[in-house]
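Please keep the structure open while you read.

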Amino acid sequence: MKMKICITSFCMFFLFINLYSQQRYFFNPNGDRFSFGTESNRSASVSIGDIDNDGDNDVIIANGRHWPEQNYIFYNNGDGRFTVSKPLGLERATTYAAELADFDGDGDLDIATGNDLAPNCIFLNDGKGNFSKYGNFGHHYASTRNLTVTDLDSDGDPDILITNRRQENEICLNNGKGEFKDNIPFGNKDDSTIDVEAVDIDKDGDSDLILANRDGQQNYIYLNNNMNFSERIPFGTGSDETRSVGVADFNKDGYLDILTGNIGEENRLYFGDENNTFSKVVSLEGKSNTYSVAIGDLNKDGWMDIVIANSGQPNMFYINQKGTGFEGFQLNQREFNTYDIIVGDTNGDGYGEILESNSDAMNVFYQNRFPRFKK
C-alpha cells in the first residue's frame, strides 16, 4: 500500500507502506512470543541497559501511570531472552517512567522512577543488579509524565529532567552521589509537557531542551546559556498535540532535525538549518495517535530510521532511504495502547530490536532480522 506524503516546497518524500512484510525485518511469532512476562499492566515506559554487569542488556518496565502497580526488572539470559524477573523495590507506585544511569558514579546502572502525584525515587545498584531505595528527587507530588537523563551542567554526572503535565518542569542537578538537592525550573508553570530531548541544537557545546507539549500548546526549543533557559525558539504549528519528540540528522546535512509524534494529527519532521528556523517540514499524511517515537539505525546502513508507537493504531517503523524518503511497515497488526517504544540490542549482534511498553496488554519485543539480508 502506498501512502502519500504531504510536503513543503523544499523536498519530496515518498512513503511505501507494506502491511504484511514486517515479519521479514522484525519478528515476534503470534505477536507475543518474545515478551516481558505475561502480565497486562498499565505499563508506561521501557528502558534497556546492562543492569547486572554480565555483558548483555537487561530491561526495566515502569507500570502504574495513575494507579499504583509494581515495576519490574527483566534479566537477559545472554541469548536475547528474558527468563528471570524481579520487582523493583517493595512499594507499588504510579510510575510513568523508569530510567537507567550511573547516578552515584560507582560504575553500575542505577534507576530513577518518575511517579504521578507521588515522590520520584532513586534506586542504587549494588553492581549485581540488586537495588535499594536511596532517596527522592523533584517535587514530591507533581504530575510527572517523563524523565530525561543527561549531563546538563557538564560536570560529569547524569542529571534528571522532569516533565510535569500542567505544572512547572524541573531540572534536578546531581551532586555526583546520586543526590539531587538543586532544582531549576524550565518552561512555563502551565506547560503540558510530556517529553523533552536534550541535545546541542545550536552547536555551542551545551545541551538545549526540545519540548513536546500537549493540550494545543506551542512546542519550544529552550537554548542553554550557562544553564539559563530564558531564550526559546518555537517550532510546529503552535497548536499541536505533541506527545513525543526525537532528534537526529536524518538527511545528513550537518544539522539536527526534530521528529514529532502527535495525537489526532500528522506526525512531522522539522529539518534543521544554520539559522534554527525549522521551517522546512515534511508531514506524514493521515491523522495519527502517536504516544512515543524512537530513532535508530535499524539496518545499519548509516542512515537513521524511525519507529512510531501508537494508541489504537498499529505501530510502525520507517526505513530511511538514504535521505530520499522512507519505506514504512506495520510492526504488527494489533492496535495496542503503546505508551513507550525504544530501540536496543537484546542479543548482542549489533542490530537494535524494537521494544514496546503496552498499557493493558503484554509488553513485547521484536527481533531484528536485518542481519540475514546482509551480503
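1. Strand S9 (residues 95-101) and S10 run antiparallel and are joined by six bridges, where two strands pair if DSSP finds at least two bridges between them. Strands here are DSSP runs of E with at least two residues, helices are runs of H or I with at least four, and both are numbered from the N terminus. Within this pairing, Ala 101 has Asp 110 of S10 as its bridge partner.

2. This is a predicted model, in which local features need pLDDT of at least 70 and side-chain atom pairs count only at pLDDT 80 or more, while totals for chains, interfaces and linings use all residues. Residues are numbered from 1 along each chain as its sequence is written, and side-chain values use heavy atoms, with hydrogens and water left out.

3. S10 is also joined to strand S11 (residues 120-125), again antiparallel, by three bridges, and one of the pairings sets Thr 113 against Cys 121 of S11. Four residues lie between the strands of this hairpin, and Leu 117 takes a positive phi near 55° there.

4. Is S10 enclosed or open? Six of the six residues of S10 (residues 110-115) are buried, so the strand is largely enclosed by the rest of the structure; buried means under 20% relative accessible area, with a 1.4 Å probe and protein chains only. Asp 110, Ala 112 and Gly 114 are buried on one side, and Ile 111, Thr 113 and Asn 115 are buried on the other.

Technical notes:
Buried < 20%, exposed > 50% of the residue type's maximum accessible area, 1.4 Å probe, protein only.
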